[in-house]
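Please find below a note on the model under review.

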Amino acid sequence: MIINTMRTVNIAELKARLSAYIQLVRNGEEVLVCDRNKPVARIVPCHLEEHSQQEQRLVANGVLALPLDKRSASVSWPEPPGDVPDEVIQEVWREEREGR
């Protein structure tokens with residue numbers, strides 16, 4: 001049985017050594033961020049290799065948040081026809097969030 005331990009860091013140390021902690025995350029580790037030893041956030045690797053270039057751009061721009069869990073292989077969604085510009089997708093998501 002393999003037990004993965006998560007690195008824990010307080011905010012002050014994270015601020016002082018951010019690049020080093022980001023490198024750990026790039027290497028696949030998770031980092032638990034604490035404020036006065038109380039967990040407040042988690043930094044996790046971002047695996048985007050299996051996503052399209054458009055999805056990667058939208059994630060990088062903060063427009064798209066990918067699901068935490070993968071859907072089952074039995075569910076398949078059709079690929080949309082054509083190449084939809086990022087701006088159009090952003091507007092559709094904005095309208096959905098505003099409840100239109």
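1. Basis of the note. This is a predicted model, in which local features need pLDDT of at least 70 and side-chain atom pairs count only at pLDDT 80 or more, while totals for chains, interfaces and linings use all residues. Residues are numbered from 1 along each chain as its sequence is written, and side-chain values use heavy atoms, with hydrogens and water left out.

2. Overall fold. The protein chain contains four helices and three strands, and from the N terminus on these elements run β-α-α-β-β-α-α. Helices (H or I, at least four residues) and strands (E, at least two) are DSSP runs, numbered from the N terminus. Of the 100 residues in the protein chain, 17% are buried. Here buried means under 20% relative accessible area, exposed means over 50%, and partly exposed lies in between (1.4 Å probe, protein chains only). Among contacts with a separation of 6 or more, 40% are made by residues 24 or more positions apart; a contact means heavy atoms within 4.5 Å.

3. The sheet. The three strands form an open sheet in the order β1-β2-β3, with mixed pairing. Because β1 and β3 stand at the edges with a single partner strand each, one side of each is left without a neighbour in the sheet. Neighbouring strands of this sheet are turned by 30° against each other on average, direction ignored; the axes are lines fitted to C-alpha atoms, for helices over the stretch in contact, and angles run from 0 to 180 degrees between N-to-C directions. Two strands are taken as paired if DSSP finds at least two bridges between them.

4. Strand pairs. β1 and β2 run parallel and are joined by four bridges, with Arg-7 opposite Val-31 in β2. β2 and β3 run antiparallel and are joined by five bridges; in this pair Val-31 stands opposite Ile-43 in β3. The hairpin of β2 and β3 has two residues between the strands, and Arg-36 takes a positive phi near 55° there.

5. Helix α2. In helix α2 (residues 18–26), the residues Tyr-21, Leu-24 and Val-25 are buried. They lie on the same side of α2, because they cover an arc of only 100° around the axis; the arc is that of the directions from the helix axis to the C-beta atoms. Ser-19 and Arg-26 are exposed on the other side of α2. The cover over the buried residues of α2 includes β1 (7–10), α1 (11–16), β2 (31–35) and β3 (38–43). Gly-28, with a positive phi near 105°, follows α2.

6. Helix α4. The buried residues of α4 are Asp-86, Ile-89 and Gln-90. These cover an arc of only 100° around the axis, so they sit on the same side of α4. What covers them includes α3. Gly-99 follows α4 and has a positive phi, near 80°.

7. The structure holds six salt bridges, a salt bridge being a side-chain nitrogen of Lys or Arg within 4 Å of a carboxyl oxygen of Asp or Glu. One of them joins the side chains of Asp-86 and Arg-57 (2.9 Å, N to O). Asp-86 lies in helix α4 (residues 86–97) and Arg-57 in helix α3 (residues 53–60), so the pair ties together parts that are 29 residues apart in sequence. Asp-86 is buried at 12% relative accessibility, whereas Arg-57 is partly exposed at 41%.

8. Two further salt bridges. Glu-91 forms a salt bridge with Arg-94, with the closest N and O atoms 2.5 Å apart. About one helical turn separates Glu-91 and Arg-94, because they are three residues apart in helix α4. Glu-91 is partly exposed, at 32% relative accessible area, and Arg-94 is partly exposed at 36%. The side chains of Arg-17 and Glu-13 also meet in a salt bridge (3.3 Å, N to O). Arg-17 is partly exposed at 44%, as is Glu-13 at 34%.
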